[in-house]
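This report describes selected features of one protein chain.

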Amino acid sequence: MRGIRCLVAVVVLFLGRDVLGVSEESRLITDLLQNYVPKARPVLESETAVTVAIDLSLAQINRVDAKNQQIVTNLWMRLYWKDEYLKWNESAYHDATTIRIPSSDIWTPDIVLYNRIEGDESSDIPNTNAIITSSGDVTWLYPITMLSSCKMNVYTFPYDEQECVLQFGSWTYDGFKVNVTNRNAKGDTGNFILNEQWDLVDIVARRNELVYACCPEPYPDVSFYISMRRKSLYYLFYVIGPCAMMTVMGLLVFLMPSDCGEKLSVGITMLLSLVVFAQFIAESLPATSRYIPLIGQFFGISVFIVAISSAITVLVLNIHFRGPKPTPVPKWLRTFIQKVRFVFRQNIRVQALQADKQQNNLSDKSSSVITDRPKTSYGFVEVNLDRQDDNRSSDLSRTYTMMQRKLDEQSVMLKRLVDKVLEKQREELVRDEWQNTAVVIDKLLLGVFLLVLILGSVIIYG
């Protein structure tokens, strides 16, 4: 029996301590909040300012909207201040050092984000518990998702670095009532969740104090500068790389033979593809007229080069196909092409000389066929009819007259045939010379446009 009584006494003793502990905490909270006014600043003297220290832990960058100049962040807010009405003697309450009271039951500073934007992605401040020590120090921790404005400069997109500012301060109290300050020089990034598009560089906290013209009181605030760098691999692989390849492919039309019917259509297809890519990039950039982003300049140069190359392709095709009766290559164009490169100069010069030589030989042969025979009044051999008899002379005269007429007709037909052959050969030679000129112009323009593309890319991204 004595053992059972001892066991019951021990159990009652331990249970009594637990009940005593709970009752002491409830009694402490009741005593602290008995005459507490949560709407009044927790100071004994009204001239005393409440110093509120702000600290921030960046948990995640949810979204960065460069087009609308907005950023969505998940923050863990940490506010620290001293409440002179929430103090107690630890020994009077079973050595209780800290208690937790809902933030709605005590005074809390009206700290807001000045550049906050109301939206579906923003959340309200939750009613979390505040941690209070026996000396009156209050710590209020709560998570919140913020949609805020962020002025961005996308001139170097997609290799840009952005700095977004989160400006916190009291909405109604001036610096003489609530003194807002930063607890640390930098924000906390220990719990940051990595973002797939942005690398977090740093978070710097700075205290600012403004005095407006309307009011002599200062209005302090704490600004957190979030520096982040865009990850460019996605845009390099899916945008810039294909754009550069399409631009080069658009220039390779100069290597396609002019006889190919797809020469012009390839250039136009590449041009349309570049325009589609440019529209894709334009949708993700802000509509600004202050500057043109580097990637916009790159796309502009690419579209311009491919468009000009397509237009010049029409000119080259016109040079290659000169119609049924082409005119000879002008001397100035032949001289220019001859000076482009030594190889081209030799080929065109030899071909031009051969064309002129063949044309002169054919002309000489044509004239020799027609002119190498004795002349008569009809252009044929004269026959002395005085030695013949009178009867035979009349028959022979009629016969020779008929023969002379037939020979004249055949001579005219032969001359026409020779002229047609000469004209056809001349046209073929002239057409060949135009085609070779078009080939040289194609290669020349390919080199020029490639040089312009390389220099433009180096200047833009250099």
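## Salt bridges

Is R116 buried, partly exposed or exposed? The model is a predicted one, and in it R116 is partly exposed, with a relative accessible area of 24%. The side chain of R116 meets that of E118 in a salt bridge, with an N to O distance of 3.9 Å. E118 is exposed, at a relative accessible area of 63%. Elsewhere, salt bridges with shared partners join E24, R27 and D31 into one network. R27 and D31 both belong to helix α1 (residues 2–33) and lie four residues apart, about one turn of the helix. R27 counts as partly exposed at 36% relative accessibility, and D31 is likewise partly exposed, with a relative accessible area of 34%.

A further salt bridge links the side chains of D188 and R78 at 3.2 Å, N to O. D188 sits in the loop between β8 (178–182) and β9 (198–211) and R78 in strand β2, so the pair ties together parts that are 110 residues apart in sequence. D188 is partly exposed, with a relative accessible area of 24%. In the whole structure, a search finds 12 salt bridges.

## Strand pairing

Strand β2 (residues 70–82) pairs with strand β6 (residues 137–149) in the antiparallel sense, over 13 bridges. In this pairing, V72 stands opposite L147 of β6.

Strand β6 also pairs with strand β5 (residues 129–133), again in the antiparallel sense, over three bridges. Here I132 has V138 of β6 as its bridge partner. The hairpin of β5 and β6 has three residues between its strands, and G136 takes a positive phi near 95° in this hairpin.

## Backbone features in loops

Which residues other than glycine have a positive phi? One of them is Q69, with phi near 55°. Q69 is placed in the loop between β1 (50–65) and β2, and it counts as partly exposed at 22% relative accessibility. Another is D95, which is not a glycine and has a positive phi of about 55°. D95 is found in the loop between β2 and β3 (98–102). It is exposed, with a relative accessible area of 57%.

A cis peptide bond runs from F157 to P158, with omega near 5°. P158 is located in the loop between β6 and β7 (161–170).

Y159, L233, Y234, L236, F237, Y238 and F280 make a nonpolar surface patch of about 790 Å². Helix α2 (residues 233–251) gives the largest share of this patch, five residues. L233 is one of the patch residues and is placed in helix α2. With a relative accessible area of 64%, L233 is exposed; it passes the limit for that class because exposed residues are those over 50%.

The largest pocket holds about 210 Å³ of space. Its lining consists of E196, Q197, R230, K231, L233, Y234, Y235, F280, I281, E283 and S284. Helices α2 and α3 (263–283) each supply at least two residues of that lining. L233, Y234 and F280 belong both to the nonpolar patch and to the pocket lining.

## A contact across the sequence

How many residues apart in sequence are L444 and F254? The two are 190 residues apart in sequence, and their C-alpha atoms are 8.9 Å apart in space. L444 lies in helix α7 (residues 390–461). It is partly exposed, with a relative accessible area of 26%.

Definitions and conventions: Residues are numbered from 1 along each chain as its sequence is written. This is a predicted model: local features need pLDDT of at least 70, side-chain atom pairs count only at pLDDT 80 or more; totals for chains, interfaces and linings use all residues. Side-chain values use heavy atoms; hydrogens and water are left out. Patches are made of residues with over 30% relative accessible area and no salt bridge: like charges are joined within 9 Å, nonpolar side chains (Val, Leu, Ile, Met, Phe, Trp, Tyr) within 5 Å. Accessible areas come from the Shrake-Rupley method with a 1.4 Å probe; for residues, only the protein chains shown count as cover. A salt bridge is a side-chain nitrogen of Lys or Arg within 4 Å of a carboxyl oxygen of Asp or Glu. Buried means under 20% relative accessible area, exposed over 50%, partly exposed in between (1.4 Å probe, protein chains only). Two strands pair if DSSP finds at least two bridges between them. On a 1 Å grid over the protein atoms alone, a cavity is a set of points where a 1.4 Å probe fits but cannot get out, and a pocket is an open set with protein on both sides within 12 Å along at least five of seven lines; lining residues have an atom within 4 Å of a point. Grid points are joined across faces, edges and corners, and a volume is the space filled by probe spheres set on the points.
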